[in-house]
Amino acid sequence: MNAEYRKDLFADERSDDFDIIGKPVIRQDILGHVTGRSKFYDDHAFDGLLHMRCVRSPHHHARIRSVDSSAAERQGGVVRVLGGRDVPVNTNTLLSLINFGRDDEPLLATDKVGYVGQPILAVVATSVRAAQEAVDAVKVDYEELPHVLDVEEALKPEAPIVNEEYPNNSFDYFDTYDHQKLRFGDVETAFSKADHIVEGEYQMSPIEQAPIETCGAIAAPETNDRITVHTSTQALFFSVGVTAKQLDVSSARLHFIGGTVGGGFGGKVDSHHEPLAALACLATGKPVKYMWDRAEEMQVGGPRGGERWRIKDGVMRDGRIIARAFTGFFDAGAYTRLSSYAVQKSTGHLPGPYSIPNVASNVYCVFTNRTPSTAMRGFGITAVDFAIERHMDKVARAVGMDPIELRILNAYRDGDMKAHRREAKNCALIESCQAVAQKTGWRLSADAARASSKSGGGVGALGVIPETVTDDEGRIGERRRSGLAPEPFSGQGTRGLLPEGHSSNNSSAFGNAPQREDMEAEIERLGFIGAAGVPPTPQGPMDETASSARPIAPSETAHTTHPAGARGGPSLPAAYTQRPASTINQPFAQPPAQAPGTPAAQQPAAAEAESESATTHFQRGVRRPGVSRFISGSRRR
Amino acid sequence: MKSPVTFRLNGSETAVFVDSGANLLDVLRRGCGDLSPKYGCGQGSCGACTVLIGGEPHVSCLVLAETVAGRSVETTGGLSNGPDLHPLQRAFIEGFAAQCGYCTPGMLMSAKALLDRNPSPTRSEVEEAISGNLCRCTGYEPIIDAILEAAKQRGAA
Amino acid sequence: MLEVQTYPTVGEAASAMDDQARFLGGGTLIMNRVNYGDRRFNRIVRTTDASLSEIRVEGDRLEVGAGVTMAAILASRDLDFLSPAARAVGGPAIRNMASVGGNLMAPHPYGDLAVALLALDAVVRMVSGEELSLEDFLARRNGVVRSLLIRRPRGDEFRFRKVSRVKPKGVSVMSMAARLTRSAGRLSGVRVAYGAMASTPVRVRAVESALEGVSLDHAGITAALSAATEGLDPPDDPIASGWYRREVAPVHLRRLLLGEDAR
């Protein structure tokens, strides 16, 4: 290893008595790896193991008129053919386990398919070959539908509806908008004052994680009414939770064994193999393996989603960037999975490691008829970082400035206020730039070479939350009705103003004190606040977003910890501080459709929820119709 | 239809019934219980299933199992001599040459074939020798270093 | 279900072939199909006939058995001129298995050795005794091949180049081979073949004729470079788009012809 430790930098901020860093450590699992004895999920032998293969959609988008598996069921070696109707809770979304987003993806498609390779039936047979032959013998009658493969095409009024749960082809944020907003300062005014406007568009294609071990799971019956599941999952508790929910069984019956993963890189969190293998195990009473071959891993496995970003900068002659606006599109593919979260993660990352006093962004989680995308190493960050850094070079050219000096000039310094209303701490971009310049023999000006992350931060406008212009553009459905442009402030919507210095530290919007200061939710990130400081009433019935917010009734403790208005901010609207508990726990007006034969397990849970005190800090389980009462555990709401 | 096949597996005479058309990887893993070679692609692209047949590396997923009748097959399962690790195994441990460990058995077999033939390979010969083995975790450098280190240790011993 | 039939001679194996059977050489193509449950065939036919692995030499003329592996080519001094092409196929494990005969059958974008053989005007000898040009064989691709008849190229007249994004082992963006025969200091009777630029390895007649009678230098090959993809419609695949293949082909052709920068 050729690591070099720059102990001269920030020496007063840490102790240097490392006893791990810089010293070789023997991995605890490596003896198993080099002797071939590490037990990956497929390294468990079972007598009478059955194999599963799926009937998959050959179309990007099609209605399923009929499915005929009768010939397949009669073929030699075929034990069982499973369809969506055999799955107790067929529709799920991964993040329902943390109450984020609506169930939108069937484990096995029943009415229509939204991408090439989407599974429709699962054939269980005594050998892989027998299962493959049976898959061939299934007849599916499709009515092909128009499809859309581009994020911006998908947002147009004429685009086909990819995912009926989100008929506008975009994820609904906070029940209000078709995108995630970030508003900080006043970009429009700043653009008008800038010497240069620099615009750029950047795009990254989907990337397959391509682990050497393909995704899979083996589910085997135990003698004590439990099912043992060996799985390649990277997210064992996601997989347990999803399996319990979709099979409508108690997680106490699910004995999941994982942790030895043959490469994941994010591609093994989707938890589709475990419920299917366990379902087949329940249906047959036999051990069942569901393993993707390489072709499936590449075609069906959720990749890192494609992203498109447009950046518009207002830049002064001296290189200071005074405004930056983003328009970002995440290609979720046909279903949400983790893309809704990736959009929020990317928004929290804007505008990059630079102190820019006016920032706005609209980021869209868009549904297209492509393979649903999922996690991959830094998803939500990687593509926008690529875009930002390419754009910094473009800005440097536009103002005729050295690209490293431009970065040093605009870099965060300790004490600067970031666009998501947190003070920058422990900044090190300047020092990193200086080290890179030094290593590569790049000449920096005396000023740039002298700059430090520890000085000059938090001065003047860069140290406070500016007066911020807000807007209510892009309400759910509006874009598809009117063809609204996706850029921030592109329409004629109502503008609002958040006063300067409205710091999160003063917020008691949600009553309860957070566990840590960093976990404080920010009322302003929920979206639009009108000129009078009155937030909009969410449209339609309350759904998971509202109920996932912390219980609202404020406690005295919260007020003591976070006195409202201590820094002169406005007092918070009553609607936010005192929303009655009954509103919070109000069930869906229309519960999602259930598979026939599913026990009506949800009603008692929902009723119980209403009687529970909203001030309870920890609540059990999930209280939504369509969600298994068996999703276990207590967690902070 | 099953047919009997006899071969030497890591030095021991082995007899196993194989399904018609079965590949050697499945037979080693399911028939012989040697789980060290791994399935990664079933098309010879990844090298996770690499074993030595007659001392030469082969991707076992593409070997028709019955063609190894009478031949000698070596896998990572037989690389150590009881608790005594092969120099390659020691070098992989010390050099952090495995992360997830899934490509490691195939990587070790390709490396063993190289060192058995060429005890002091150059870096580019090592790169060439493992060019059919994909690793998604390490970026290859620690693996190449470990193989070179093992060659050095073997030379010194 | 799948049946495996093993015959002592290649003649018997060839007689057992029909459209439900596939002939197993090194296994790298057929076992791949078996593993992916290809239901277009239900029999594997193979032979233990050792004569398929022979390399026979008579002066400049060579007969290479269809079962000769890439590794065996690399180990043969007589076939040293084919080393660059044989080394371009797979990694060491694949080269221990993949055979000359199989390479002729390899689907796009594989078949790098066949590109070299095409530029060498190799003749295919079938088990039936029939002999035909490799170009004709590639057009129909059926029957069981016994061997290839190759004339050893002279001096440095034979060139091979594989373009891939991953080194040392990667799938072809394209492969190119040329036999640059000369007469009185000028190119004459040149052969140029490409791989991964069409559904099979192909001879590029537009380039061949543009090289007729010219000198082998920048000026001489200008017309050939502008004809680099004439008559070709390179396929799109995950390795490269047809557009990209077309754009970069003249660059690689120039490097091949002039022996530049064999990175």
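**View 1. Chain B comes in two domains.** In this predicted model, chain B splits into domain 1, covering 2-78, and domain 2, covering 87-156.

**View 2. Where the two domains of chain B touch.** Domain 1 of chain B puts 15 residues into this contact, and domain 2 of chain B puts in 13. On the domain 1 side, look for strand S3 (50-53) and strand S4 (56-59) of chain B, each of which supplies at least two residues. S3(B) gives the most to that side, with three residues. Sort the side of domain 1 of chain B that touches domain 2 by class and you find seven nonpolar, six polar and two charged residues.

**View 3. Chain C meets chain B.** Here we move on to the contact between chains: 22 residues of chain C are in contact with 24 residues of chain B. Three elements of chain C give two or more residues each to its side of this contact: strand S1 (3-7), helix H2 (30-35) and helix H5 (92-97).

**View 4. A closer look at the chain C side.** H5(C) gives the most to the side of chain C that touches chain B, and its share is five residues. As for the classes on this side of chain C, 13 residues are nonpolar, seven are polar and two are charged.

Methods: Residues numbered from 1 in each chain as written. Chains lettered and ligands numbered in written order. Predicted model: local features only at pLDDT ≥ 70, side-chain atom pairs only at ≥ 80, totals over all residues. Contact = placed C-beta atoms within 7 Å. Helix = DSSP H or I, 4+ residues; strand = E, 2+ residues; numbered from the N terminus. Nonpolar A, V, L, I, M, F, W, Y, C, P; charged D, E, K, R; others polar. Domains from an automatic or database assignment.
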